[in-house]
Amino acid sequence: MIALENAVVGYGPDKAFIAAVDDVTITIGDNEIVGIAGESGCGKSTLLRALYGDFTHGLRQRGGEINARFTDAGTGTTVEKRGANLSELWWDQISYVPQGSMSVLNPLMKVDKQIIDGLPKREKHGSRADLRKRIANFLKGLGLEESVLEAYPHQLSGGMRQRVLVAIAAFVNPRLILADEPTTALDVVVQKRILLMMVEIQRRLKNTLVLVSHDLGVHYQITDRLAIAYAGKIVEIGPTQKIFAAPSHPYTQALIAALPRVGEKGQRSGLEGRPPSLVKPPQGCRFAARCPEAQDICRAQSPELKMRSADRPVACHFR
Ligand SMILES: Nc1ncnc2c1ncn2[C@@H]1O[C@H](COP(=O)(O)OP(=O)(O)OP(=O)(O)O)[C@@H](O)[C@H]1O
Ligand code: SF4
Ligand SMILES: [Mg+2]
């Protein structure tokens, strides 16, 4: 449905190019929830923007392929787009909830006007009152009261604003919703409510959700497949439960080992250090400086990105 093949995507001119997505191959299928995890700066948002075909604000594709194909279940018509042309599918086949999106809402405008103004033309059939009613019914189905439409953003809690944004992304019935950290900075109860709402939307629309979160607990709760990003690479991808049960890559193992366990006293020691800068990434394995299993070969040679199956690339010499 949407696939990156050896995609190189990043920022800056050729001579000082920062490849935040560096030679990444990933296929996102129909009707699934795919998670993208990894520490800050590893390229999660850039990967999501590449899947959105959002080559604005200095982001550009420097190599590989980005292809999308969507078939309308009703009419059987298929649309295919590549690279920046994916923008022709925005708010039609693909919706996007950007990182830090709570600030996306205009503080001076009531929620209903913002939603209606932002909708694509094809959704604006009928009278404004009818359209508002349809939106209200849709929000109601997701547990949001009609009164949120009458509110200014500052009158809503952070969690409520985020739920409104996710609902807007879903209202146009897209085949693919891309959500970047939609629950970050919210308390666990509100977080849970938003996650349940996203699952409900995905089940109802039978579409695909790609969810970026640095929080592995979020992925454990709702994703079907999980991709682990490290320093511009996807180092592991596979069924979420399988990854949690038996992580392959030393980075994934370290992330999972650092998760707090219920009933355990004290804090687990986190992963020491930081991912390398993408301005001049190290030769050899990018995780070598932090990997407890690193050997000389790891620092000297890039590990080949082994494809264990279509689902499971592992960028490690030894796995
Ligand atoms: N507009 C930009 N111009 C130049 N470099 C950028 C830009 N946006 C991001 N980068 C760089 O690209 C790399 C990946 O950034 P990205 O935002 O994709 O990471 P992330 O995994 O989403 O991080 P976070 O978890 O903090 O949101 C970082 O090194 C970052 O500094
Ligand atoms: S290639 Fe070496 S340093 Fe890299 S993850 Fe594997 S064992 Fe660790
Ligand atoms: Mg990000």
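Select Cys42 together with ligand 1, and you will find a backbone N or O atom of Cys42 lying 3.2 Å from an oxygen atom of the ligand, which is a polar contact (a pair of N or O atoms within 3.5 Å). This is a predicted model, in which local features need pLDDT of at least 70 and side-chain atom pairs count only at pLDDT 80 or more, while totals for chains, interfaces and linings use all residues. Residues are numbered from 1 along each chain as its sequence is written, chains are lettered from A and ligands numbered from 1 in the order in which they are written, and side-chain values use heavy atoms, with hydrogens and water left out.

Taken alone, ligand 1 exposes 640 Å², and the protein buries 64% of that (accessible areas come from the Shrake-Rupley method with a 1.4 Å probe).

Now widen the selection to the residues near ligand 1 (those with a heavy atom within 4 Å of it), among them Glu39, Lys44, Gln99 and Leu278. Which helix gives the most to this shell? Helix α1, residues 44-52, does, with three residues (helices are DSSP runs of H or I, at least four residues, numbered from the N terminus).

How values were computed
A polar contact is a pair of N or O atoms within 3.5 Å; within protein, one must be able to donate a hydrogen and the other to accept it, and residues adjacent in sequence count only if both atoms are side-chain atoms. Helices (H or I, at least four residues) and strands (E, at least two) are DSSP runs, numbered from the N terminus.
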